[in-house]
Amino acid sequence: MKIIRSPAAMIAWSEALRREGVTIGFVPTMGALHEGHRSLIREARLQCDALVVSIFVNPTQFGPHEDLAKYPRPISHDRTICRKEGVDVCFEPTAEAMYPAGFQTTVTVPAVAHRWEGEVRPHHFAGVATVVTKLFGMVRPHRALFGQKDFQQSVLVQRLVKDLNLGVDIVVRPTVREQDGLAMSSRNMYLSPDERGRAVTLYKSLQAGAKVIRTGGTDAKTVRSAMAQVITRESTITTDYLTVCDPLTLEPVASVRSRVVLLGAIRLGSVRLIDNLLVNTPPQNS
Ligand code: AMP
């Protein structure tokens with residue numbers, strides 16, 4: 001496996017392969033790789049001839065009071081996983097190479113970004129959209145894989161690729177979960193044993209909402225209160241949002257008429273967790 005740190009070297013490697021007609025798959029990550037990342041890497045390995053994984057903790061997508069400094073960076077563990085999974089290039093640019101003096105362009109996707117995560121983390125999605133655009137410019141992939149775990153991010157990336165004609169095929173893969181249902185996340189390692197036990201409450205809350213829909217409920221308010229009830233049982237958990245949305249626009253719906261996404265974000269002590277479920281409405285009896 002090759003480790004590339006300079007953007008120019010990354011571009012040169014990809015361009016050489018593209019000239020030979022090799023399809024390049026790409027999995028962008030912030031490292032601290034777990035089974036969720038691994039499932040994206042494995043799928044990319046199957047779908048593409050050559051595979052690049054980037055490891056870059058992007059400072060511009062963190063707010064001033066967020067966890068940038070303490071974000072886990074177990075680089076040798078990450079490289080070992082990449083090697084085991086048959087990754088061809090681990091791309092590890094530095095922040096200085098990504099944002100050199102004079103850098104000033106920002107990519108924004110306002111309608112997708114303004115709600116939910118964007119409301120709680122105001123500059124987050126501009127940071128994500130900009131870094132993804134830059135990484136695509138450096139890795140020049142044919143296909144890039146993202147996790148449904150970060151649902152709003154996956155919608156934003158699809159929108160931006162379409163709007164800017166970036167020519168990258170975007171694949172979104174299902175959320176990988178722990179045995180009890182907790183969505184895997186690099187941030188789960190911040191949870192104390194006691195918090196870890198209660199962290200699954202978010203998934204249970206989404207499941208309670210999904211059950212209302214699957215048993216014929218159509219009123220979004222009823223779905224939201226079923227979700228909220230599960231969280232309220234845990235007095236130490238606070239809710240950032242629990243919502244029922246159109247999966248394409250991320251606008252909240254008043255009544256559930258077709259496929260919806262249930263989005264949730266909670267806080268457990270100092271740890272913030274997000275999760276989501278896509279839910280289909282039950283077939284209509286004619
Ligand atoms: P991150 O390192 O958190 O920026 O995530 C890199 C990619 O892995 C993103 O596309 C995430 O959505 C995806 N990802 C993170 N956690 C999971 C998970 N539990 N299941 C599937 N994909 C995930």
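In strand S6, Val 172 is the bridge partner of Phe 146. That pair is a handy place to start looking around. Helices (DSSP runs of H or I, at least four residues) and strands (E, at least two) are numbered from the N terminus, and two strands pair if DSSP finds at least two bridges between them.

Before going on, a word on what you're looking at: this is a predicted model, where local features need pLDDT of at least 70 and side-chain atom pairs count only at pLDDT 80 or more, while totals for chains, interfaces and linings use all residues. Residues are numbered from 1 along each chain as its sequence is written, and side-chain values use heavy atoms, with hydrogens and water left out.

**The parallel sheet**

The whole sheet is open, with 6 strands in the order S1-S4-S3-S2-S5-S6 and parallel pairing. Strand S1 (2-4) and strand S6 (169-173) sit at the edges with a single partner strand each, so one side of each has no neighbour in the sheet. From one strand to the next, the twist averages 25°.

Now for strand S2 (residues 24-29): 6 of its 6 residues are buried, meaning under 20% relative accessible area with a 1.4 Å probe, protein chains only (exposed is over 50%, partly exposed in between). Ile 24, Phe 26 and Pro 28 point one way from S2, while Gly 25, Val 27 and Thr 29 point the other way. S2 runs parallel to strand S3 (residues 50-55), joined to S3 by 6 bridges, and Gly 25 stands opposite Leu 51 in S3.

**The antiparallel sheet**

Another open sheet has 3 strands in the order S7-S8-S9, paired antiparallel. Its edge strands are S7 (237-245) and S9 (271-279), each pairing on one side only. Neighbouring strands of this sheet are turned by 10° against each other on average, direction ignored. Helix H11 (residues 220-232) packs on the sheet, touching S7 and S8, and its direction makes about 155° with that of S7.

Strand S8 (residues 260-268) is joined to S9 by 9 bridges, and Val 261 stands opposite Leu 278 in S9.

Here are the strand pairs with bridge counts:

| Strand pair | Sense | Bridges |
|---|---|---|
| S2 and S3 | parallel | 6 bridges |
| S8 and S9 | antiparallel | 9 bridges |

**A closer look at H11**

Which residues of H11 are buried? They are Ala 220, Val 223, Ala 226, Met 227, Val 230 and Ile 231. Down the axis of H11, these buried residues fall within an arc of 140° (taken from the directions from the helix axis to the C-beta atoms), so they line one face of the helix. They pack against helix H10 (201-214), S7 and S8. The face turned away from that buried side carries the exposed residues Lys 221, Gln 229 and Thr 232.

**How the domains meet**

The protein is divided into domain 1 (2-173) and domain 2 (186-279), with bounds from an automatic or database domain assignment. Their C-alpha centres lie 26 Å apart, and 22 residues of domain 1 are in contact with 21 residues of domain 2.

Definitions and conventions
Axes are lines fitted to C-alpha atoms, for helices over the stretch in contact, and angles run from 0 to 180 degrees between N-to-C directions. Contact means heavy atoms within 4.5 Å.
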